[in-house]
Amino acid sequence: MKTLISSDVRLLADLIRKGGVVVFPTETVYGIGASSKNEEACKRIYQIKGRPSDNPLIAHFDSIGSIEKVCKVNEFAKRLLGEFSPGPLTLVLPKLDTSIFPKDSETLAVRIPKNPVIREWIGLCGSPISAPSANLSGRPSLTRMTDVVRYFDGIVDGIFLTDEPSLGIESTVVGMHLDPPVLFRPGSIESKDLRQFLPHLKVPKSFQVKGEVTPASPGMKYKHYAPKAKVYLCHATEFHSYFQKQGENPSFAWIGFSFEGMGNGEGGFRIGLDSPERIKLVSSNLEYSSFLYAFFEFCDQMGMERIYCEEPTLGEGREALLNRLEKASESE
């Protein structure tokens with residue numbers, strides 16, 4: 001298959017209208033999308049990703065008005081969309097239009113991407129774009145064009161060339177079809193931000209569902225965000241201790257906030273500008289989030305066996321980052 005790699009919104013919209021599948025960037029991660037009104041094209045996404053059939057897709061819209069045409073949007077949902085959209089917020093809403101994939105579902109997860117070029121493209125497509133993250137099922141989401149091309153060139157119909165994702169963490173998902181509303185997946189819009197508008201928001205102790213339950217949101221049922229390498233999530237003291245003992249092992253990778261003064265005894269190295277690429281120093285939870293998936297991909301390309309991840313610090317960005325790290329470090 002010849003993949004069109006282009007920034008031409010009209011050519012890429014034409015691919016969607018013809019039933020094609022296109023990889024496109026949002027401010028969070030890359031998505032792999034098809035027309036929400038083309039059931040066969042949406043099913044093809046599942047085949048490409050190896051995605052379980054009960055793991056839902058998010059429908060991407062160009063405006064709040066477009067969402068209101070296919071979903072029931074109450075006053076609380078309108079306030080959230082007005083405050084946080086376009087942006088990294090997904091709402092699960094009661095569905096009114098049964099032509100939208102999946103046709104037998106009573107709810108639909110919806111969001112409006114921040115990039116105006118992507119919104120223009122969605123408008124030209126003539127329908128919402130149903131899309132999960134662009135990755136193989138269970139693996140880290142993609143945040144770099146080079147990784148997208150490596151995985152999907154020759155497999156999908158189109159790849160959208162525009163600004164790469166900046167946040168690096170998937171959108172916040174809120175179940176607005178429930179009373180009270182429930183946080184299904186934490187993201188860069190945190191529960192404390194949402195509670196300013198939803199004081200009765202329910203934040204579960206676990207974001208995991210098990211058994212035969214069909215999840216209302218991506219990221220709730222299956223192992224997610226995990227590289228091939230084994231991920232170890234460590235408290236700061238534990239992380240530093242492991243690094244002092246094993247930091248020189250070329251099969252181990254590290255991402256954390258502080259390596260200063262740390263080495264491996266005699267002949268040990270210090271973290272500086274010439275440090276190995278398998279050792280990633282970050283300055284904040286937000287920077288950590290923006291680098292995480294790309295770092296996982298790099299480690300897999302380099303054949304790393306283990307990735308040691310320091311626990312996020314307290315404060316902004318911790319909620320979503322900790323969720324992704326916990327999911328990535330879960331056992332099969």
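Student: Why is Asp 14 called partly exposed?
Tutor: Asp 14 has a relative accessible area of 25%. Buried means under 20%, exposed means over 50%, and partly exposed is what lies in between (1.4 Å probe, protein chains only). The value of 25% falls in between, so Asp 14 is partly exposed. Arg 17, at 47%, is partly exposed as well.

Student: What kind of model is this?
Tutor: This is a predicted model, in which local features need pLDDT of at least 70 and side-chain atom pairs count only at pLDDT 80 or more, while totals for chains, interfaces and linings use all residues. Residues are numbered from 1 along each chain as its sequence is written, and side-chain values use heavy atoms, with hydrogens and water left out.

Student: How confident is the predictor, as given by the mean pLDDT of the protein chain?
Tutor: The pLDDT is the predictor's confidence in each residue, from 0 to 100. For the protein chain the mean is 91, and 89% of the residues reach 70 or more. Residues 263–270 have a pLDDT below 50, and this stretch makes 19 contacts in the model beyond near neighbours in sequence. Contact means heavy atoms within 4.5 Å.

Student: What makes Arg 17 and Asp 14 a salt bridge?
Tutor: A salt bridge needs a side-chain nitrogen of Lys or Arg within 4 Å of a carboxyl oxygen of Asp or Glu. The N to O distance between Arg 17 and Asp 14 is 3.6 Å, so the pair qualifies. Both residues are in helix H1 (residues 9–17), and being 3 residues apart, they are separated by about one helical turn. Helices here are DSSP runs of H or I with at least four residues, strands are runs of E with at least two, and both are numbered from the N terminus. By this count the protein chain has 10 helices and 14 strands.

Student: How do you know that Arg 44 and Asp 157 form a salt bridge?
Tutor: Their N to O distance is 2.7 Å, which is within the limit of 4 Å. Arg 44 belongs to helix H2 and Asp 157 to the loop between H6 and S8, so the pair, 113 residues apart, links distant parts of the chain. Asp 157 has a relative accessible area of 17%, and is therefore buried.

Student: Why is the salt bridge of Glu 297 and Arg 139 said to tie parts of the chain together?
Tutor: The side chains meet at 3.8 Å, N to O. Glu 297 lies in helix H9 and Arg 139 in the loop between strand S7 (129–131) and H6, so the parts they tie together are 158 residues apart in sequence. Glu 297 and Arg 139 are both buried. They also belong to a network of salt bridges that includes Arg 144, Asp 147, Arg 150 and Asp 300. In total, the structure holds 16 salt bridges.

Student: How do you know that the buried residues of H6 line one face of the helix?
Tutor: In H6 (residues 145–152), the buried residues are Met 145, Asp 147, Val 148, Tyr 151 and Phe 152. Seen down the axis, they fall within an arc of 160°, so they line one face. The arc is that of the directions from the helix axis to the C-beta atoms. These residues pack against S2, S3, helix H2 (39–49), S8 and helix H9 (285–301). After H6 comes Gly 154, with a positive phi near 90°.

Student: What makes S2 and S3 paired strands?
Tutor: Pairing requires at least two DSSP bridges between two strands. S2 and S3 (residues 30–35) are joined by 4 bridges, so they pair, and they run antiparallel. They form a hairpin with 4 residues between them, and Phe 24 stands opposite Gly 31. S2 is also joined to S8 (residues 158–160) by 2 bridges, in parallel. There, Val 22 has Gly 158 as its bridge partner.

Student: Which residues touch the most other members of the largest nonpolar core?
Tutor: They are Ile 67, Leu 80, Leu 91, Leu 93, Val 174 and Leu 194, in a core of 25 residues. A nonpolar core is a set of buried Ala, Val, Leu, Ile, Met, Phe, Trp, Tyr and Cys residues joined through side-chain atoms within 4.5 Å. H4 supplies the largest share, 4 residues.
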